[in-house]
Amino acid sequence: MSFLLKKEDRKKIVDALNQGVGREIAAIIQYLHHHYMAESIASPEIIEMFEKTARDEMRHMEVFSERIAYLKGVPTTKPWPIKTGGDLKKMIKDDLEIEYTACELYKKHIKLCDELGDTTTRLMLEKILADEEDHVDQWETILAKRKIR
Ligand SMILES: [Fe+2]
Ligand SMILES: [Fe+2]
């Protein structure tokens, strides 16, 4: 039960989760933007992947935000920087970069939860980390297997 956590530890978890929220909001916007911009330059499969991934990120944002509210914090509404523009290859590389950042960030946050004894948040982060690793795999596969102009 998270309210067994000390107030200052709860704040550390909330701050970490809010980094995640900012990153997830950026990912949602970036993926949706790519979904619209790829309309004339990508295959229907890739266009759909952008949208599907945006929806995954939206779920992550929701999970983080609900946990923050439960811990008596306030979820941020500010996105991390968003990258736009370029050809399809650049779009996918920019998306891959935010996925790498997410994996790195959430691994760090899993460690923090371990140190502070917040098992519930840790489990939540582990599930989301698995999704982010799937996203990395998805884009790495696309870049490796397809000829993208
Ligand atoms: Fe995510
Ligand atoms: Fe992701």
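In which crossing, left-handed or right-handed, does α1 pass α2? The legends below answer this for a predicted model, in which local features need pLDDT of at least 70, side-chain atom pairs count only at pLDDT 80 or more, and totals for chains, interfaces and linings use all residues. Residues are numbered from 1 along each chain as its sequence is written, and chains are lettered from A and ligands numbered from 1 in the order in which they are written.

**View 1. The contact of α1 with α2.** α1 passes α2 in a left-handed crossing (the near helix is turned anticlockwise from the far one by less than a right angle; clockwise would be right-handed). Helix α1 covers residues 7-37 and helix α2 residues 44-70. They pack at about 160°, with axes 8 Å apart. Axes are lines fitted to C-alpha atoms over the stretch in contact, and angles run from 0 to 180 degrees between N-to-C directions. α1 and α2 are therefore roughly antiparallel (over 145 degrees). Their contact holds 15 nonpolar, 7 polar and 4 charged residues. Here Ala, Val, Leu, Ile, Met, Phe, Trp, Tyr, Cys and Pro count as nonpolar, Asp, Glu, Lys and Arg as charged, and the others, Gly among them, as polar.

**View 2. The contact of α3 with α4.** Helix α4 spans residues 119-145; α3 spans 88-116. The angle between α3 and α4 is about 155°, and their axes lie 9 Å apart. This pair is therefore roughly antiparallel too. The crossing of α3 and α4 is left-handed. Its contact residues divide into 15 nonpolar, 3 polar and 9 charged.

**View 3. Lys72 in the loop between α2 and α3.** Lys72 is not a glycine, yet has a positive phi of about 70°. Lys72 counts as exposed because it has 12 C-beta neighbours inside 10 Å (exposed means 12 or fewer other C-beta atoms within 10 Å, buried 20 or more, partly exposed in between, with C-beta atoms placed from the backbone).

**View 4. The whole chain.** The chain has 4 helices and 0 strands, in the order α-α-α-α. Helices are DSSP runs of H or I, at least four residues, and strands runs of E, at least two, numbered from the N terminus. The C-alpha atoms fill a box of roughly 55 × 25 × 20 Å along the principal axes. Of the 149 residues, 31% count as buried. Among contacts between residues at least 6 apart in sequence, 78% join residues at least 24 apart (a contact means C-beta atoms, placed from the backbone, within 7 Å).

Notes: Parallel < 35°, antiparallel > 145°, perpendicular 65-115°, else oblique. Contact = placed C-beta atoms within 7 Å.
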